[in-house]
Amino acid sequence: MSLELRIVEVEWEDSAGTSRYVSVTERDEFFAKPPLMLSTVGYVMRDDDRGIGLVETAPVQHDDEDGRQWGACIMIPRSAVRKVRRLR
């Protein structure tokens with residue numbers, strides 16, 4: 001069985017954080033930075049109100065649903081999505 005999956009590029013705004021204590025100056029510099037914009041390309045597994053779920057690697061053919069192996073899954077929250085462009 002061959003899979004026909006939609007491929008998209010998603011531009012999205014990432015979250016940021018620190019994992020250590022910072023000075024007032026470092027804190028203010030951190031919050032002054034613009035958000036980091038990212039671009040992710042993948043096969044669409046889910047596209048709904050919650051967000052867009054993509055996988056980077058999908059099986060070309062496999063007759064056994066449970067035997068399929070998927071690689072590099074990501075769920076991008078709808079609130080972070082800025083643009084979606086269909087590639088295939």
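Accessible areas here come from the Shrake-Rupley method with a 1.4 Å probe; for residues, only the protein chains shown count as cover. This is a predicted model, where local features need pLDDT of at least 70, side-chain atom pairs count only at pLDDT 80 or more, and totals for chains, interfaces and linings use all residues. Residues are numbered from 1 along each chain as its sequence is written, and side-chain values use heavy atoms, with hydrogens and water left out.

**Exercise 1. Describe the surface and the order of elements of the protein chain.**

Step 1. The protein chain exposes about 6,600 Å². Carbon and sulfur atoms supply 50% of that area.

Step 2. Of its 88 residues, 25% count as buried. Buried means under 20% relative accessible area, exposed over 50%, and partly exposed in between (1.4 Å probe, protein chains only).

Step 3. Helices (H or I, at least four residues) and strands (E, at least two) are DSSP runs, numbered from the N terminus. The chain has one helix and five strands. Their order from the N terminus is β-α-β-β-β-β.

**Exercise 2. Find the pairing partners of strand 3.**

Step 1. Two strands pair if DSSP finds at least two bridges between them.

Step 2. Strand 2 (residues 37-47) pairs with strand 3 in the antiparallel sense, over four bridges. The two form a hairpin with three residues between them. R46 stands opposite G53.

Step 3. Strand 4 (residues 71-77) also pairs with strand 3 in the antiparallel sense, over six bridges. Here T57 stands opposite G71.

Step 4. Is strand 3 enclosed or open? Five of its seven residues are buried, so strand 3 is largely enclosed by the rest of the structure.

**Exercise 3. Classify the aromatic pair of F30 and F31.**

Step 1. Rings of Phe, Tyr and Trp (its six-membered ring) pair if their centres lie within 6.5 Å; planes under 30 degrees apart count as stacked, over 60 as edge-to-face and the rest as tilted.

Step 2. This rule gives one aromatic pair. The ring centres of F30 and F31 are 5.2 Å apart and the planes stand at 75°, so the pair is edge-to-face.

Step 3. F30 has 24% relative accessibility, so F30 counts as partly exposed. F31, at 62%, counts as exposed.
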